[in-house]
Structures are given as C-alpha cells and as structure tokens.
Amino acid sequence: MSEHGLKNVTHCIFDMDGLLLDTEALYSKAFNRITNRYGKEFTWEHKAKTMGFKTSACAQAVVEMLSLPMTKEEFESEVVQIYQELFPSASPMPGAERLLRHLKEHNIPIALATSSNKENFELKTQRWMELFDLFHHKVLGGSDSEVVNGKPAPDIFLVAAKRFPDNPDPSKCLVFEDAPNGVKAALSAGMQVVMVPDLMLPKCFIENPTLVINTLEHFKPEIFGLPPFKT
C-alpha cells in the first residue's frame, strides 16, 4: 500500500481511443455524418454509453438510441468507410508519449487493450507505429477470439494481463481509461483504474475509478509504487 492509500502495481494496461490517441472527436464526426442526414444528433449523452464498445455493438446502439431508419449492418458498413478517411489523422493525447516512454525506460511491462479491430487499429496508428511498438503486446478486442465479451465486461483486461510472460495477478495491474465502460471493465477485472475523462463527458458517468485526472500529464507514477518522473 502506498502512502496515498493506493495499492502498488507492477504492470500497466492502456486503452487507446480517447486516452492515448485523440480519436473521440473523429468518432462523433463519423457518426454524425450519418445521423444528421435523418435530422438526428449523436451527442455526448449517447457517446458516454457507447464508448469502448466494439464496432458492431456500437452500430446497433446508435441505430436504436436515435431510432435511425436503417439496419445496424447498413450503419456499420457506412461508418467503416468514413473511418478510412478520418482515422489516419489521429494524434497522440497530451502526456501519452512521455508516460509510455518513461514506463518502458524503467522496464515496467505495458500492454495495450483496445476495442478496435486490426484494420481500425492500423488506420489510427499508421503515423505512430514507433510509439505503439513500445508495448509488450497489444490486445485488439474487435479481432481477438479470446476477447469474447466487449467492455464493460472484464475480458479484454484479463486477456491482456495473462499475456504478460509472468502472468501477474489482476490486483498488480493498473489500467488507464477514458471511458465509463472501460472503467467498469477494469474494476470487474479486479484492477485499479486511472480515469482520464474527456472534459465534455457528463460528470454523472464518472463512477468509482481509483483515481481521476484531467490529462496524462498530471499522472504521478510514484503514487502506485512506480518509478517517478525525473524532475
């Protein structure tokens, strides 16, 4: 137990969208390009409920929530086309690169756990491969047969933990998330979770993360027993 009442950890697991890469605005733009045609707006209320979902689950939720006159398959195939155009413009979030390089430098094992499938992952990270190569392994929930249930189920984080060579206990893993469903998934997996919510996320969706910070730049590794940043 650290002096801050937080448990020391040995491994870190990172979500990607909205946490490491600034993609949330791109998702909203893509969805609204479709929904606006029917005079409907995909808002932060809707977004908070679908963040962290796999593509097909997300398509179904949007079609249902906004009562769109189309099938989830039609929505999905159209939105995937829009992704091709928008995702390559994604850039890292403030503090992301510094934190990943710091942990890697100090031999803290790090993994990626994203609901993205392989194709969307490659679209978003094509300009940042060097950064994503820092991870020991990547779990791409949308394409990984071991990730049976998407977030808020704990599957993706449990799979990410057991793929570390030393198979750490979940309590030794610290998850970084921006999405309410991701926070629930991490807590269900028995892990501590640092939430970095979008400033636009309605406060009522912030439920019980271990720690909330406004940006990864504010993270202090030592409060979880990790090596501190050099001042």
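These legends describe close-up views of a predicted model.

**View 1. The largest nonpolar core.** This core has 54 residues. Phe14, Leu20, Phe75 and Phe176 make the most contacts inside it. Helix H4, residues 72-86, gives the most to this core, with six residues. Phe75 shows how such a residue is surrounded. Beyond its neighbours within four places in sequence, Phe75 is in contact with Phe31, Ile34, Thr35, Ala59, Val62, Val63, Leu68 and Met70. A second core stands separate, with 26 residues. Its members include Ile13, Ala111, Val139 and Val159.

**View 2. Ala30 in helix H1.** Helix H1 spans residues 24-35 and contains Ala30. Ala30 has a relative accessible area of 0%, so Ala30 is buried. Leaving aside neighbours within four places in sequence, its contacts are Val79, Ile82, Tyr83 and Leu86. Ala30 and Tyr83 are 53 residues apart along the chain, yet their C-alpha atoms are separated by 6.9 Å.

View 3. Glu85 forms a salt bridge with Arg33. The closest N and O atoms are 2.9 Å apart. Glu85 lies in helix H4 and Arg33 in helix H1, so the pair ties together parts 52 residues apart in sequence. Glu85 is exposed, with a relative accessible area of 51%. Arg33 is partly exposed, at 36%.

View 4. The whole structure holds 15 salt bridges. One of them joins Asp17 to Lys124, with the closest N and O atoms 3.0 Å apart. Asp17 sits in the loop between strand E1 (11-14) and H1, while Lys124 belongs to helix H6. The two are 107 residues apart. Both Asp17 and Lys124 are buried.

**View 5. Thr125 in helix H6.** Helix H6 covers residues 118-125, and Thr125 is part of it. Thr125 is buried, because its relative accessible area is 0%. Not counting residues up to four places away in sequence, Thr125 touches Met16, Leu21 and Phe132.

**View 6. The largest cavity.** The structure holds one cavity of 30 Å³ or more. About 260 Å³ of space lies in the largest cavity. Its lining has 22 residues, and the closest to its centre are Asp17, Tyr27, Met51, Gly52 and Phe53. The lining divides into eight nonpolar, seven polar and seven charged residues. H1, H2 and helix H3 (55-65) each supply at least two lining residues. The largest share, three residues, comes from H1.

**View 7. The buried side of helix H9.** Helix H9 runs over residues 180-188. Its buried residues are Pro180, Asn181, Gly182, Val183, Ala185 and Ala186. They pack against helix H2 (44-50), helix H8 (155-162), strand E4 (173-177) and strand E5 (192-195). Just after H9 comes Gly190, with a positive phi of about 80 degrees.

**View 8. A network of salt bridges.** Asp144, Glu146, Lys162 and Arg163 are linked in this network. Within it, the side chains of Glu146 and Arg163 meet at 3.0 Å, N to O. Glu146 is in the loop between strand E3 (137-140) and H8, and Arg163 is in the loop between H8 and E4. They are 17 residues apart. Glu146 counts as partly exposed, at 35% relative accessibility. Arg163 also counts as partly exposed, at 27%.

Technical notes:
Residues numbered from 1 in each chain as written. Predicted model: local features only at pLDDT ≥ 70, side-chain atom pairs only at ≥ 80, totals over all residues. Heavy atoms only, no water. Core = buried A, V, L, I, M, F, W, Y, C linked by side-chain atoms within 4.5 Å. Buried < 20%, exposed > 50% of the residue type's maximum accessible area, 1.4 Å probe, protein only. Helix = DSSP H or I, 4+ residues; strand = E, 2+ residues; numbered from the N terminus. Contact = heavy atoms within 4.5 Å. 1 Å grid on protein atoms, 1.4 Å probe; cavity = no way out; pocket = protein on both sides within 12 Å on 5 of 7 lines; lining within 4 Å. Points joined across faces, edges and corners; volume = space filled by probe spheres on them. Nonpolar A, V, L, I, M, F, W, Y, C, P; charged D, E, K, R; others polar. Salt bridge = Lys/Arg side-chain N within 4 Å of Asp/Glu carboxyl O.
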